[in-house]
Amino acid sequence: MKKFLSIVMLTIFTLSYNAVAQDEESKIPALSISGSVDAYYRAVLSGGTNDASNGSSLAPSTSFANQTGFALGMANVVLGLEGEKSGFIADLVTGPRGTDAVFLSSTASSSIVNQLYAYWNVSDKVTLTIGNFNTFLGYEVISPTGNYNYSTSYMFSYGPFSHTGLKADFTFGEASLMLAVLNPTDATDYNPNGEYAFGAQLGFGGAYLNTILSDDFFQVDLTAGWNLTDDFYLGVNATKAKDNFTGAALYLQNSFSNDFSMGIRGEYFKDDGVGAIALDENVIDLTLSANKKVGNLTIIPEFRIDMLSYDGFVSDNDGWDVTDPDNPVLINPEMNKSLSSFTLAAVYAF
């Protein structure tokens, strides 16, 4: 009997030990790997040129997806470790889109870092994050997997891409608040001048009011998005950046099936001094996109037209007058108010 009881007790102990060990093991966070790869074909239909050598307009002055013919986007690998109390994200990019996204990185090693931060869940309502993270302003993002349209808006292109600093996120039921102390915008790997900015975001019901403030600059930004029906989505972005730009955009998308949808972006953008277009002029861009899902691959055919308030796109010219090498001038340029283009993109997410 004693031998039997010993066997029973040993069995219970072994099972209990294994259960505890498995429970402890389950609490150890696993390393996650995700990311994307994208490439595209782009052609100017009118108002510009497909010849990159003649000085005429190849694309609107927005970020990414600006080349003609077959072109590359970026390869993006995101390493993450999400623990119960802490974790990190290392978001690495390479390729033309990635290079443009981290344009103010100071060293070759940091030029592949899109995001690099660690966080601490102080409680279930408070999280502290330190490092480099993509901006909280604006509707669109750097990764093409986070945007419906493949080409990007003027507001995104001339707003901040990334910040480096310390932020605190608070949740209050359906509301949220973020407060941050930040290096100068897009100075990703260190502070180049000893100046700092203050950032804040207030969220409620799918809408977010964002701001960034420094000694001589401010930007106020509203983003929102709602599923109006099971199939129809409405997104909104409006922003004002001091001495830079003013803009607003609507994003409308409709799902026709589980793997096919269509959407349009309509944007108004006024240049108050940022240099995207001529000073005090404006542009309207209309972008019609479709999203076709094939597993993890999204195929995005897209038609876009940019309409300036002045003649600003060059469709033809007789070359360059280089009498003054520091100020080359186009000879007999044919100027247009609008430029239309077609893009076919492929974005694979993993």
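This is a predicted model: local features need pLDDT of at least 70, side-chain atom pairs count only at pLDDT 80 or more; totals for chains, interfaces and linings use all residues.

Modeller: Let us begin with a charged pair: Glu140 and Arg265 form a salt bridge in which the closest N and O atoms are 3.1 Å apart. Side chains of opposite charge can pair when their charged atoms come close. The criterion is a side-chain nitrogen of Lys or Arg within 4 Å of a carboxyl oxygen of Asp or Glu. The pair links distant parts of the chain, with Glu140 in the loop between strand S5 (126-134) and H3, and Arg265 in strand S13 (residues 260-271), 125 residues apart. Helices (H or I, at least four residues) and strands (E, at least two) are DSSP runs, numbered from the N terminus.

Colleague: Are Glu140 and Arg265 buried or exposed?

Modeller: Buried means under 20% relative accessible area, exposed over 50%, and partly exposed in between (1.4 Å probe, protein chains only). Both Glu140 and Arg265 are buried.

Colleague: Which other residue forms a salt bridge with Arg265?

Modeller: Asp285 does, with the closest N and O atoms 3.5 Å apart. Asp285 lies in strand S14 (residues 282-294) and Arg265 in strand S13, so this pair ties together parts that are 20 residues apart in sequence. Asp285 and Arg265 are both buried.

Colleague: How many salt bridges does the rule give, and which residues are joined into one network?

Modeller: The count comes to seven salt bridges. One of them pairs Asp280 with Lys270, the closest N and O atoms being 3.7 Å apart. Asp280 is in the loop between S13 and S14, and Lys270 is in strand S13, ten residues apart. Lys270 counts as partly exposed because its relative accessibility is 25%. Through shared partners, salt bridges join Lys240, Lys270, Asp272 and Asp280 into one network.

Colleague: How should I read a nonpolar core?

Modeller: In soluble globular proteins, nonpolar side chains tend to be buried together. A nonpolar core is a set of buried Ala, Val, Leu, Ile, Met, Phe, Trp, Tyr and Cys residues joined through side-chain atoms within 4.5 Å. The largest here has 15 residues, of which Tyr154, Met155, Phe245, Phe269, Ile277, Val283 and Leu308 touch the most other members. Helix H3 (154-158) and strand S12 (245-257) each supply at least two residues of this core, and S12 gives the most, with three residues. Apart from this core lies another, of eight residues, among them Leu137, Met178, Ala180 and Leu182.

Colleague: With which residues is Phe245 in contact, leaving aside its neighbours within four places in sequence?

Modeller: Contact means heavy atoms within 4.5 Å. With those neighbours left aside, the partners of Phe245 include Met155, Tyr158, Gly159, Phe269, Lys270 and Val274.

Colleague: Which counts and dimensions describe the whole chain?

Modeller: The protein has three helices and 20 strands. Its C-alpha trace spans about 105 × 45 × 45 Å along the principal axes. Buried residues make up 40% of the 350 residues. Of the contacts with a separation of 6 or more, 55% are accounted for by residues 24 or more positions apart.

Definitions and conventions:
Residues are numbered from 1 along each chain as its sequence is written. Side-chain values use heavy atoms; hydrogens and water are left out.
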